[in-house]
Amino acid sequence: MGESIALFSEDGKRSDGRGLDELRPIRIKVGVLSNAQGSAYIEQGRNKIIAAVYGPKEALPKHISLPDRCILRCRYHMAPFSTTERKSPAPSRREIELSMVLRNALEPLVMTWLFPRTVIDIFIEVLQADGGTRCAGLTAAVLALADAGIPLKGLVAACAVGKADGKILVDLNDLEDKYGEADMPVAYNPTLDGITLLQMDGIMSKEEVEQALSLAITATQKMHKMQVDALRERFSVQRREV
Amino acid sequence: MLRSNEQQQRQRPIVVPGEYVGDSKFHIPGLNVYRLSDRMLATTVGLVRIDGKRVDVVALKSFYQPKVGDLVVGIVKEPGTAGWTVDINSPFLAFLPLSEYPEKRIRLSRDSIGRILEAGTVLVGLIKDASIFSSPVITLKGKGLGVVSNGFLLSITASKVPRLIGKKGSMLSTIEKGANVKLTVGQNGRLIVHSEDLNVVMKVKEVIGMIEKESHVYGLTERVEALLAGRRP
């Protein structure tokens, strides 16, 4: 935070040429892995993330199973080659915490009561990181769940908003995340009109939080449309082959 | 009527979880649909089917949910103390108790359970008990049930089994006649081809693949018949 880095160009554009409320280019593909029950791949700017889902299957060891619903197990992991310097492949404190946060963000959507005594495994593997990986990972994970055929109440899309040089920004990249004043990841479900993830790091006033939240909701609605298109694309391939 | 339904299905878009499929004033939620205040929403990726007031979403990928009376093809996973756990291609493992094994006299002192039915044995069973509180129970007592000693095992998504069987078994008999083979289809998406001829098995596999991919596209029966007759559909 102490270092001064120019996050904006003279014409007011961000370091990667985007406007303040502009998302990075997003590419989503569903059903990329044949061994997993469901999978999805997302590229958001320079982020590259793959998500895979296994289950529902019998919960082992049996004592972890719940009699009235299934358990969600989530693993968020950054590959050793995902950062500019090698990252240890062992799960770090941050990764363990994010795994829990993402599980909590997905759980309200999954109809867990339909599969009592079972477990669903969700793997989120970050192949290349450039800020906002938890949000992109969550966007991919929910698509992997839908691809696996697991009943969901709806899809959730996530996007980070924040503040840098006193300006509210949408979809922060690594530079803005590190040198900005605040960072607030938001996961929003347009069907239920509910937020399943809201974190904040840094300082923003009440008005700024409200403004950031409304920008985040607009951005996640755009992402939700992309998710729907990616899912339709995945299942309409069968029709085109005919 | 069937054709017009199929034509309707062909034109219908694919719905995704959370997508609006009907209004609670006019519809009641069916398969893979839930109600949120006055809206009916899909829970899985699939195609909408409206039958009177009932709205269903026919899933394009689904799991087998055991129901009492279903014929299933299972694979013995593990012998236990009072029976076997059986993989029935479902999130839930089924249990085959010793009492549901057709052999009248089993001397446990002499025969270990693992020797009667080894892990990996393929069997055709009937779901005897299924509830959300306990594992489904299967039985091997009944006509046409028991251990499968030869044949080939194929699989299809569980939601496509009704299409594979067809109305009153029409699609199944078309395949059986066309390929000149006997098939046993489990509701859990596994089927046994009772043949030693690899060419026949490959032909059936091709047909199954076609049904799985194109079950929602108009004119499937004609294409299956053409494929079985050796013409490219």
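## Overview of chain B

Of the 233 residues in chain B, 35% are buried. The model described here is predicted. Chain B contains 6 helices and 16 strands, and its C-alpha atoms fill a box of roughly 65 × 50 × 25 Å along the principal axes. When contacts in chain B between residues at least 6 apart in sequence are considered, 57% of them join residues at least 24 apart.

## Helix packing in chain B

Helix H6 of chain B, residues 220-228, packs with helix H4 of chain B, residues 170-179; their axes come within 9 Å and cross at roughly 15°. An angle under 35 degrees counts as roughly parallel, and H4(B) and H6(B) are therefore roughly parallel to each other. Their crossing is right-handed. On the H4(B) side the contact is made by B:Met171, B:Thr174, B:Ile175, B:Gly178 and B:Ala179, and on the H6(B) side by B:Thr221, B:Val224, B:Glu225 and B:Leu228. By class, this contact of H4(B) with H6(B) comprises 5 nonpolar, 3 polar and 1 charged residues.

Helix H5 of chain B, residues 198-214, also meets H6(B): the two axes come within 10 Å and cross at roughly 160°. H5(B) and H6(B) are therefore roughly antiparallel to each other, and the crossing is right-handed. The residues that meet are B:Glu206, B:Val207, B:Met210, B:Ile211 and B:Glu214 in H5(B) and B:Leu220, B:Arg223, B:Val224, B:Leu227 and B:Leu228 in H6(B). This contact of H5(B) with H6(B) has 7 nonpolar, no polar and 3 charged residues. B:Val224 and B:Leu228 of H6(B) are listed in the contact with H4(B) and also in the contact with H5(B).

Helix H4 of chain B also holds B:Ser173. B:Ser173 counts as partly exposed because it has 13 C-beta neighbours inside 10 Å. From C-alpha to C-alpha, B:Ser173 and B:Ile50 are 27 Å apart in space, and they are 123 residues apart in sequence.

In soluble globular proteins, nonpolar side chains tend to be buried together. The largest nonpolar core in this model has 85 residues, and those with the most contacts inside it are A:Ala51, A:Ala140, A:Ala141 and A:Cys159. Helix H2 of chain A, residues 133-147, supplies the largest share of this core, with 10 residues. Another core, of 36 residues, lies apart from it and includes B:Phe92, B:Leu96, B:Val161 and B:Val185.

Beyond its neighbours within four places in sequence, A:Ala51 is in contact with A:Ser39, A:Ala40, A:Ile122, A:Phe123, A:Ile124, A:Gly137, A:Ala140, A:Ala141 and A:Ala144.

## The contact between the chains

Chain A contributes 25 residues to the contact and chain B contributes 20. On the side of chain B that touches chain A there are 12 nonpolar, 5 polar and 3 charged residues.

A:Gly149 is in the loop between H2 and strand E6 (157-164) of chain A. A:Gly149 is buried, because 23 other C-beta atoms lie within 10 Å. Leaving aside neighbours within four places in sequence, A:Gly149 is in contact with B:Thr44, B:Ala59, B:Lys61, B:Ser62 and B:Phe63.

## Backbone geometry in chain A

Most residues other than glycine have a negative phi, and most peptide bonds are trans. The peptide bond from A:Gly55 to A:Pro56 is cis, with omega near 5°; A:Pro56 lies in strand E3 of chain A, residues 47-58. The peptide bond from A:Leu60 to A:Pro61 is also cis, with omega near -5°, and A:Pro61 is in the loop between E3 and strand E4 (71-78) of chain A.

Positive phi values occur at two aspartates. A:Asp165 has a phi of about 50° and is found in the loop between E6 and strand E7 (167-170) of chain A. A:Asp171 has a phi near 55° and is placed in the loop between E7 and helix H3 (174-179) of chain A. With 13 C-beta neighbours inside 10 Å, A:Asp165 counts as partly exposed, whereas A:Asp171, with 26 such neighbours, counts as buried.

Technical notes: Residues are numbered from 1 along each chain as its sequence is written. Chains are lettered from A and ligands numbered from 1 in the order in which they are written. This is a predicted model: local features need pLDDT of at least 70, side-chain atom pairs count only at pLDDT 80 or more; totals for chains, interfaces and linings use all residues. Axes are lines fitted to C-alpha atoms, for helices over the stretch in contact, and angles run from 0 to 180 degrees between N-to-C directions. Helices (H or I, at least four residues) and strands (E, at least two) are DSSP runs, numbered from the N terminus. Angles under 35 degrees count as roughly parallel, over 145 as roughly antiparallel, 65 to 115 as roughly perpendicular and the rest as oblique. A crossing is left-handed if the near helix is turned anticlockwise from the far one by less than a right angle, and right-handed if clockwise. Two residues are in contact if their C-beta atoms, placed from the backbone, lie within 7 Å. Ala, Val, Leu, Ile, Met, Phe, Trp, Tyr, Cys and Pro count as nonpolar, Asp, Glu, Lys and Arg as charged, and the others, Gly among them, as polar. A nonpolar core is a set of buried Ala, Val, Leu, Ile, Met, Phe, Trp, Tyr and Cys residues joined through C-beta atoms within 7 Å. A residue is buried if 20 or more other C-beta atoms lie within 10 Å of its own, exposed if 12 or fewer, and partly exposed in between; C-beta atoms are placed from the backbone.
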